[in-house]
Amino acid sequence: MPQPGSDDVLVEVEACGLNNTDIWTREAAYGDDDAGWKGRLDFPIIQGGDIAGTIADVGPNVSKDRIGERVLVDNALYADAPSEFQSLVNADLVGSERDGGYAEYSVVPAENAHELESSLSAPELATFPTAYVTAERMLNRANVGAGDDVLVTGASGGVGTGLVQLARRRGARVLGLTSSGKSDAVREVGADAVIARDEADVPSAIEHWTEDGHVDVVADVVGGELFQALLEALRPGGSLVTAGAVAGPVTEIDLRTVYLKQIDVVGSTMGTRSEFRDLVRYIENGDIEPVLAETYPLSEVREAQRHFARNDYVGNIVVEP
């Protein structure tokens, strides 16, 4: 049983969502056998950052009135830095640099445990934190608003389904790009139209979606060889915001496309405290819906991670203690 520090709460974990950081840390994809999101890791580590549960105990500096609160955990341990960007870039993560939610109980800073009122189940709530706060920040970074045409790549994944719903919430029109067989599910999430990545000429499909054949914003979590085509799909003055590279982090682009069309290429990572609070509000208001692909008991976390890595589902996968 972990013990809460002075400013911590002890959360009884009811469900914990999976995310790519779990996989990449385990596979040493950050470049070293003991390297995590930020640098060197201290083993053993309890992974799992997307925690939904109930506060069971509190540290001495936290009001005991918080015991019994139903909470959703923001897994970003924001650095004390002079700017929002430095705070995010230098943040630690629950489930990486600090023990996480693949456990019956987890200790997190009290300010990271957000009380919420919702009729959703714990597994449904656990689909939201990392994926949807990442999506919300991407849309903020690209200044997405009502009437914008937005192309979302990887639209069937956790961040992708978040982007579709959150862009629609803002009044944008959404074109989803996903793999074959997932088109109907992405439409059900809220996309106005869907392109099957492996069945169509993607640039031509984009051209047929709008009157001028272009979009205002591309929200990309895929990267890879399509990156140049995505830039070409933008209207002059448009924005491409990227927060992932599951198809490969190294790509080739024609810089003339960027400067002649005056395109903004924007990087985005995780989200801020205020963006997480906004996410909780959206959940409570019913503005967004969970897309729960599968649940596994924590004892089957190996199979859960294998399933997550296969990417043959829509939404997110969750484990329950």
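Buried here means under 20% relative accessible area, exposed means over 50%, and partly exposed is whatever falls in between, with a 1.4 Å probe and protein chains only. Phe128 is buried by that rule, because its relative accessible area is 0%. The structure is a predicted model, in which local features need pLDDT of at least 70 and side-chain atom pairs count only at pLDDT 80 or more, while totals for chains, interfaces and linings use all residues. Residues are numbered from 1 along each chain as its sequence is written, and side-chain values use heavy atoms, with hydrogens and water left out.

Phe128 also turns up in the aromatic pairs. Rings of Phe, Tyr and Trp (its six-membered ring) pair if their centres lie within 6.5 Å; planes under 30 degrees apart are called stacked, over 60 edge-to-face, and the rest tilted. The structure has two such pairs. In one of them, Phe128 and Tyr132 have ring centres 4.8 Å apart and planes at 85 degrees, so this pair is edge-to-face. Tyr132 counts as buried too, at 1% relative accessibility. The rings of Phe308 and Tyr313 make a tilted pair, because their planes are at 40 degrees, with the centres 6.2 Å apart. Both Phe308 and Tyr313 are buried. Another ring contact involves a charge, which sits over a ring if NZ of Lys or CZ of Arg is within 6 Å of the ring centre and within 35 degrees of the ring normal. Arg173 does this with Trp209, lying over its face at 4.4 Å from the ring centre.

On a 1 Å grid over the protein atoms alone, a cavity is a set of points where a 1.4 Å probe fits but cannot get out, and a pocket is an open set with protein on both sides within 12 Å along at least five of seven lines; lining residues have an atom within 4 Å of a point. Grid points are joined across faces, edges and corners, and a volume is the space filled by probe spheres set on the points. The largest pocket comes out at about 1100 Å³. Its lining has 46 residues, and the closest to the pocket centre are Asn20, Trp24, Val159, Val221 and Val246. Helices (H or I, at least four residues) and strands (E, at least two) are DSSP runs, numbered from the N terminus. The elements that give two or more residues to this lining are α1 (20-26), α4 (129-141), α5 (158-169), β9 (173-178) and α11 (301-310). Domain bounds come from an automatic or database domain assignment, and the pocket lining takes at least three residues from each of domain 1 (8-127 + 290-319) and domain 2 (132-267). For residue classes, Ala, Val, Leu, Ile, Met, Phe, Trp, Tyr, Cys and Pro count as nonpolar, Asp, Glu, Lys and Arg as charged, and the others, Gly among them, as polar. The pocket lining then splits into 20 nonpolar, 22 polar and four charged residues.

The whole structure holds one cavity of 30 Å³ or more. The largest cavity has a volume of about 40 Å³, and its lining consists of Asn19, Thr21, Asp22, Gly48, Gly49, Asn75, Leu93, Val94 and Gly95. By class, that makes two nonpolar, six polar and one charged. Val94 sits in the loop between β5 (92-93) and β6 (105-109) and is buried, with a relative accessible area of 2%. From Val94 to Gly181, 87 residues apart along the chain, the C-alpha atoms are separated by 34 Å.

Most residues other than glycine have a negative phi, and most peptide bonds are trans. The peptide bond from Phe43 to Pro44, however, is cis, with omega near 0 degrees, and Pro44 lies in the loop between α1 and β2 (50-58). Asn143 has a positive phi of about 55 degrees although it is not a glycine. Asn143 belongs to the loop between α4 and β8 (149-152) and counts as exposed, at 63% relative accessibility. Met270 likewise has a positive phi, near 55 degrees, and is found in the loop between β13 (264-267) and α10 (273-285). Met270 counts as buried, at 10% relative accessibility. Strand β13 also contains Asp264, which is partly exposed at 43%.
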